[in-house]
Amino acid sequence: MTDLEESNRQLTAAWQSWARRCPSHLIANAEGLDIAFCGVPIPFFNMAVPDSPIRNWEALTKHVETAAAYGTEAGVPWMMPLCHQLLPGPPEEARSVMESAGMLAAMPLTGMIADALTPSRASELEFRQALDPETRAMIVEINARAYDMSMEEGAGPLSAARMWDDEFGVVGFLEGQPVTAAATMNVDGRRYVCWVATLPEFQRRGFAGAVMRRSLELAAERMGPVRTVLHATEAGRPVYERMGFRAVACYTVYTPGVYRTV
């Protein structure tokens with residue numbers, strides 16, 4: 001399996017894993033499209049992902065139509081990440097096709113992989129694993145504030161105990177205040193990093209890297225020294241590069257215009 005293939009499979013498998021833990025989930029494969037809807041009214045948690053290289057622009061338009069039908073069935077907003085390396089032409093042309101189909105670019109993502117991390121530095125944070133409802137809710141709240149997303153309607157399902165089965169969530173506290181969070185989940189034998197966020201007023205102090213390392217340490221105790229995979233926002237990518245991650249795939253995430261978040 002190439003790094004590109006691994007990045008794409010991990011993306012789909014991670015969202016499917018979350019979806020299976022939500023009571024109103026929808027998982028399907030239809031006409032080359034993997035549907036992984038958690039069923040909560042937050043676009044980011046309902047993904048429709050092409051499962052192979054896109055043959056032509058007509059096929060891409062069909063993907064949008066298929067995803068829209070599933071979104072209507074589930075009654076939730078949704079997103080579609082497009083891997084640039086799997087497009088039939090340049091990303092700029094894909095953007096034009098998507099806009100013609102009523103989709104707007106919401107955010108870029110970078111698929112990244114690390115076999116080993118750079119040495120860690122001492123941190124002033126106190127770490128607490130998310131083993132109780134209060135701490136799990138802190139992770140959701142920190143992410144909501146950091147990414148300026150409303151998660152109120154999905155807070156219940158996203159904070160429920162089943163959502164965190166076999167997931168190593170950690171909150172970092174500074175002088176007793178929860179300021180940063182991260183989680184690692186087991187996705188097909190890989191450590192998949194997610195839920196990484198720091199409150200805006202505490203960013204650029206190395207907290208995201210520190211809490212992420214603690215989460216990875218907990219996962220390693222269970223899983224051993226396996227590869228680590230993540231999909232980074234533009235803000236997070238430099239942090240991960242300093243930690244030893246390398247970019248293997250580029251994505252643009254699209255969402256129906258009415259649900260545009262960025």
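Let's start at serine 150, which sits in the loop between α4 (133-146) and α5 (155-159); helices here are DSSP runs of H or I with at least four residues, strands are runs of E with at least two, and both are numbered from the N terminus. Serine 150 counts as exposed because its relative accessible area is 60%, where exposed means over 50%, buried means under 20% and partly exposed lies in between, using a 1.4 Å probe and protein chains only. Its C-alpha atom is separated by 19 Å from that of alanine 19, a residue 131 places away along the chain.

Before going further, note that this is a predicted model, in which local features need pLDDT of at least 70 and side-chain atom pairs count only at pLDDT 80 or more, while totals for chains, interfaces and linings use all residues. Residues are numbered from 1 along each chain as its sequence is written, and side-chain values use heavy atoms, with hydrogens and water left out.

Is asparagine 143 buried or exposed? It is buried, because its relative accessible area is 5%. Leaving aside neighbours within four places in sequence, asparagine 143 is in contact with Met151, Trp195, Val196 and Ala197, contact meaning heavy atoms within 4.5 Å.

Now turn to helix α2, residues 57-74. Its 18 residues reach 26 Å from the first C-alpha to the last, close to the 26 Å expected at 1.5 Å a residue; the expected span is 1.5 Å times one less than the number of residues. At the N-terminal end, asparagine 56 caps the helix, with a side-chain oxygen 3.2 Å from the backbone nitrogen of glutamate 58. The buried residues of α2 are Trp57, Ala59, Leu60, His63, Val64, Thr66, Ala67, Tyr70 and Gly71. An α-helix has 3.6 residues a turn, so residues three or four places apart point the same way. What covers the buried residues of α2 includes the strands β1 (26-30), β2 (33-37), β3 (46-50), β4 (80-83) and β5 (103-114), together with helix α3 (91-100). After the helix comes glycine 75, with a positive phi near 70°.

Just after α6, glycine 224 takes a positive phi of about 85°.

Those glycines lead to a word on backbone angles. Most residues other than glycine have a negative phi, and most peptide bonds are trans. Glutamate 175 has a positive phi near 50° without being a glycine, and it lies in the loop between β7 and β8. With a relative accessible area of 80%, glutamate 175 is exposed. Arginine 204 also is not a glycine, yet has a positive phi of about 65°. The loop between β9 and α6 holds arginine 204, which counts as exposed at 87% relative accessibility.

On a 1 Å grid over the protein atoms alone, a cavity is a set of points where a 1.4 Å probe fits but cannot get out, a pocket is an open set with protein on both sides within 12 Å along at least five of seven lines, and lining residues have an atom within 4 Å of a point. How many cavities of 30 Å³ or more does a search of the whole structure find? It finds one. The largest cavity holds about 60 Å³ of space, a volume being the space filled by probe spheres set on the grid points, which are joined across faces, edges and corners. Its lining includes Asn8, Val49, Ser52, Leu82 and Tyr251. Strand β4 gives the most to this lining, with three residues.

The second largest pocket has about 240 Å³ of space. It is lined by 14 residues, and the closest to its centre are Glu5, Asn8, Arg9, Asp51 and Ser52. Helix α1 gives the most to this lining, with seven residues.

Notes: A polar contact is a pair of N or O atoms within 3.5 Å; within protein, one must be able to donate a hydrogen and the other to accept it, and residues adjacent in sequence count only if both atoms are side-chain atoms.
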